[in-house]
Amino acid sequence: MRTTHHASGFGLVASRQSPAVRTTGIVGVLTAVWRLYRNRCQIARLQDLDDRQLLDMGLKREDLHEALTSAFFENPGSYLTRASRNRANLFYRGVRHD
């Protein structure tokens with residue numbers, strides 16, 4: 001008995017994706033890029049707030065700068081969320097950073 005098989009016998013033949021699958025993938029990528037762009041625009045608007053208003057949200061102006069200068073495909077909103085949570089944790093532990 002021979003143990004060699006054709007690649008098609010194992011389902012290894014490259015299949016073409018249907019147009020619906022390709023369209024879904026493209027729409028998903030475009031949606032993600034649009035969401036990242038929109039988040040960056042909203043974070044840029046936070047710069048209009050004064051330092052006291054930012055601190056009420058647990059943020060500092062440096063946090064906004066760091067978020068906006070991060071890599072484009074990195075979500076800047078998650079950076080601000082972490083910065084705010086870290087600052088709140090330090091506050092409740094009694095450690096204050098100005």
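# Reading the labels on a predicted model

Mentor: This is a predicted model. Trp-34, Tyr-37, Phe-72 and Phe-73 make up a nonpolar patch on the surface, and together they have about 500 Å² of accessible area.

Trainee: Why is Trp-34 called exposed?

Mentor: The relative accessible area of Trp-34 is 52%. Exposed means over 50%, so Trp-34 takes that label. Trp-34 belongs to helix H1, residues 19-46.

Trainee: How many salt bridges does the structure hold?

Mentor: The structure holds two salt bridges.

Trainee: What makes Arg-61 and Asp-51 a salt bridge?

Mentor: Their closest N and O atoms are 3.0 Å apart. The cut-off is 4 Å, between a side-chain nitrogen of Lys or Arg and a carboxyl oxygen of Asp or Glu, so the pair of Arg-61 and Asp-51 counts as a salt bridge. Arg-61 is in helix H3 (residues 61-68) and Asp-51 is in helix H2 (residues 51-56), so the pair ties together parts that are ten residues apart in sequence.

Trainee: Why is Arg-61 called partly exposed?

Mentor: Arg-61 has a relative accessible area of 29%. Buried is under 20% and exposed is over 50%, so Arg-61 falls in between.

Trainee: How do you know that Asp-63 forms a salt bridge with Arg-87?

Mentor: The closest N and O atoms of Asp-63 and Arg-87 are 2.6 Å apart, and the cut-off is 4 Å. This pair links distant parts of the chain, with Asp-63 in helix H3 and Arg-87 in helix H4 (residues 76-92), 24 residues apart.

Trainee: Why is Ser-70 called buried?

Mentor: Ser-70 has a relative accessible area of 19%. The limit is under 20%, so Ser-70 is buried. Ser-70 sits in the loop between H3 and H4. Its side chain reaches the backbone oxygen of Ala-67 at 2.7 Å. Not counting residues up to four places away in sequence, Ser-70 touches Arg-40 and Pro-76.

Trainee: Which residues form the largest nonpolar core, and what makes it a core?

Mentor: The largest nonpolar core has seven residues: Ile-43, Leu-54, Leu-59, Leu-64, Ala-67, Leu-80 and Ala-83. H3 and H4 are the elements that give two or more residues to this core. A core is a set of buried residues of listed nonpolar types, joined through side-chain atoms within 4.5 Å. In soluble globular proteins, nonpolar side chains tend to be buried together.

Trainee: What is Ile-43 in contact with?

Mentor: Leaving aside neighbours within four places in sequence, Ile-43 contacts Leu-64, Leu-68, Pro-76, Gly-77 and Leu-80.

Trainee: Why is Asn-39 called partly exposed?

Mentor: Asn-39, in helix H1, has a relative accessible area of 22%. Buried would need under 20% and exposed over 50%, so Asn-39 is partly exposed.

Notes:
Residues numbered from 1 in each chain as written. Predicted model: local features only at pLDDT ≥ 70, side-chain atom pairs only at ≥ 80, totals over all residues. Heavy atoms only, no water. Patch = residues over 30% accessible without salt bridge, like charges linked within 9 Å, V, L, I, M, F, W, Y side chains within 5 Å. Areas by Shrake-Rupley, 256 points an atom, 1.4 Å probe, with all protein chains shown as cover. Helix = DSSP H or I, 4+ residues; strand = E, 2+ residues; numbered from the N terminus. Buried < 20%, exposed > 50% of the residue type's maximum accessible area, 1.4 Å probe, protein only. Polar contact = N/O pair within 3.5 Å; in protein donor to acceptor, adjacent residues only side chain to side chain. Contact = heavy atoms within 4.5 Å.
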